[in-house]
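Me: Hello! I am new to this structure and would like to go through it with you step by step. Could you show it to me?

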Amino acid sequence: MSKIDWYEEFVDLHYKPAKDDLVVLFYFEPEAGISKHEAIGRIASESSTGTWTTLFRMPPRMKKLQATAFEIDGNYVKIAYPIGLWEEGNAVQLLSGIAGNIFGMKAVRNLRLIDVTFPPAYLGHFKGPHFGMDGIRKMMGVYKRPLTGAVPKPKVGFTAAEHAQIGFETWMGGFDFVKDDENLTSMRFNRFDERVKLMAKLRDKAERLTGERKSAFLNISGPTDIMKKRADLLVEYGWNYCMIDVVVAGAASVQTMRDYCSDRGLAIHAHRAMHAAFDRNPKHGITMQFLAKLMRLIGVSQIHSGTAVGKLVGSKREVTAVADVLRDRKVKPLPGVLMAQDWGKIKNAFPVSSGGLHPGLVPDVLRIYGTELVLLVSGGIHGHPKGTRAGAKASMQAIDAFMDGETLAEKAKTSPELAQALQKWGAYKPK
Ligand code: CAP
Ligand code: MG
């Protein structure tokens with residue numbers, strides 16, 4: 001009987017990747033009856049040029065586009081992809097290749113895309129973040145300490161006027177940013193246009209009263225033409241940021257909005273709502289460190305990266321890996337977690353730590369991240385016994401304590417708002 005399939009042509013354990021190859025690290029579990037060798041051949045084949053059967057016609061030049069599975073380490077495989085497989089500057093097509101059909105193959109019981117090394121020949125077609133961390137710090141006039149922000153809570157339901165008033169209290173408590181929640185866009189009770197205008201008015205008042213730069217991550221998420229209109233309105237009212245729910249919006253619209261916002265001096269705050277649909281299962285899906293890498297490549301200014309100690313999943317090891325991918329110029333490899341990455345001229349981006357945080361947990365988060373971070377404390381300020389402004393003050397006092405090498409208990413002796421926060425929450429870790 002003639003050969004039916006040709007997967008083994010996609011495996012060469014002696015192959016040395018070319019300098020222009022993209023190298024992808026996968027975790028994989030073959031299905032029963034499938035050897036590791038067969039499984040990795042199928043992964044490399046289905047994500048490059050192959051299909052399930054031998055073909056009538058196979059021009060010899062096709063070989064140059066074939067991916068090669070070249071290194072197996074337990075349940076991890078490295079696959080090299082020729083640069084010619086990839087459209088220059090198209091993150092959407094990249095995902096269709098290395099994060100597409102392969103997740104549905106019967107030959108694997110589980111498959112997880114861990115990380116990728118992008119060669120200079122690929123990186124060179126992307127602009128990356130417009131500002132970089134230094135640019136953001138310069139724009140906000142905040143150096144050394146983490147940048148801080150909060151979401152009005154309950155997360156949706158306030159009128160635009162109430163939202164702006166809570167924002168004003170947040171800014172007056174010392175925070176730099178007020179963030180829209182991921183599911184707040186423009187509903188009947190809080191239209192985007194009204195929120196933009198009212199927030200701008202109170203931003204200007206807070207800046208006058210504090211002498212500090214204040215800003216907001218106003219959520220423009222929606223169809224791309226609407227996002228463009230909303231970005232224009234933000235510029236008209238003097239805003240320097242927008243917020244996009246990047247996973248639900250999709251790589252295509254984030255790529256479009258990156259250039260649209262960059263041309264208008266708008267930084268992009270990337271919320272990652274829906275990421276846990278594919279990055280939570282340690283055996284199947286796509287890691288957060290890859291999503292963070294993709295978003296830095298496309299060019300958001302910052303993206304949520306987890307807390308390790310708050311209410312949402314994400315281990316300390318994952319959180320640290322995501323922060324390294326976003327902040328470092330040369331990312332060191334970490335077996336099974338990170339691939340080496342030299343970012344070249346691509347600017348860095350801030351990790352954003354948020355989710356179940358309160359002043360009592362600030363030192364825990366800063367011990368993991370250091371201070372090169374955007375720290376969001378939302379329920380943790382609006383739940384303060386003395387209200388939002390006191391809650392923001394308490395969080396700023398906790399940051400000061402960390403930066404001065406003081407314990408919170410010490411600091412609380414001279415900081416009543418922090419003392420009140422500790423009295424309510426102590427070091428409580430939400431479940
Ligand atoms: C946090 C938050 C953020 C989460 C997102 C929320 O509010 O506004 O969306 O941090 O998770 O809606 O839960 P709290 P992540 O501070 O009140 O918890 O940052 O992990 O993407
Ligand atoms: Mg939220």
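Reply: Happy to! A word we will need: a residue is buried under 20% relative accessible area, exposed over 50%, and partly exposed in between. Please keep in mind that this is a predicted model.

Me: Is Asp-20 buried, partly exposed or exposed?

Reply: Asp-20 has a relative accessibility of 27%. Buried needs a value under 20% and exposed one over 50%. Asp-20 therefore counts as partly exposed.

Me: Which residue forms a salt bridge with Asp-20?

Reply: The closest N and O atoms of this pair are 3.4 Å apart. A salt bridge calls for such atoms within 4 Å.

Me: How much of ligand 1 does the protein bury?

Reply: The space taken by ligand 1 is the largest pocket, and 15 residues surround the ligand. A polar side-chain atom of His-304 lies 2.7 Å from an oxygen atom of ligand 1, and a backbone N or O atom of Gly-356 also lies 2.7 Å from a ligand oxygen. Taken alone, ligand 1 exposes 480 Å². Of that, the protein buries 93%.

Conventions
Residues are numbered from 1 along each chain as its sequence is written. Chains are lettered from A and ligands numbered from 1 in the order in which they are written. This is a predicted model: local features need pLDDT of at least 70, side-chain atom pairs count only at pLDDT 80 or more; totals for chains, interfaces and linings use all residues. Side-chain values use heavy atoms; hydrogens and water are left out. A residue is near a molecule or strand if one of its heavy atoms lies within 4 Å of it. A polar contact is a pair of N or O atoms within 3.5 Å; within protein, one must be able to donate a hydrogen and the other to accept it, and residues adjacent in sequence count only if both atoms are side-chain atoms. Accessible areas come from the Shrake-Rupley method with a 1.4 Å probe; for residues, only the protein chains shown count as cover. On a 1 Å grid over the protein atoms alone, a cavity is a set of points where a 1.4 Å probe fits but cannot get out, and a pocket is an open set with protein on both sides within 12 Å along at least five of seven lines; lining residues have an atom within 4 Å of a point. A molecule sits in a cavity or pocket if more than half of its atoms lie within 2 Å of its grid points. A salt bridge is a side-chain nitrogen of Lys or Arg within 4 Å of a carboxyl oxygen of Asp or Glu. Buried means under 20% relative accessible area, exposed over 50%, partly exposed in between (1.4 Å probe, protein chains only).
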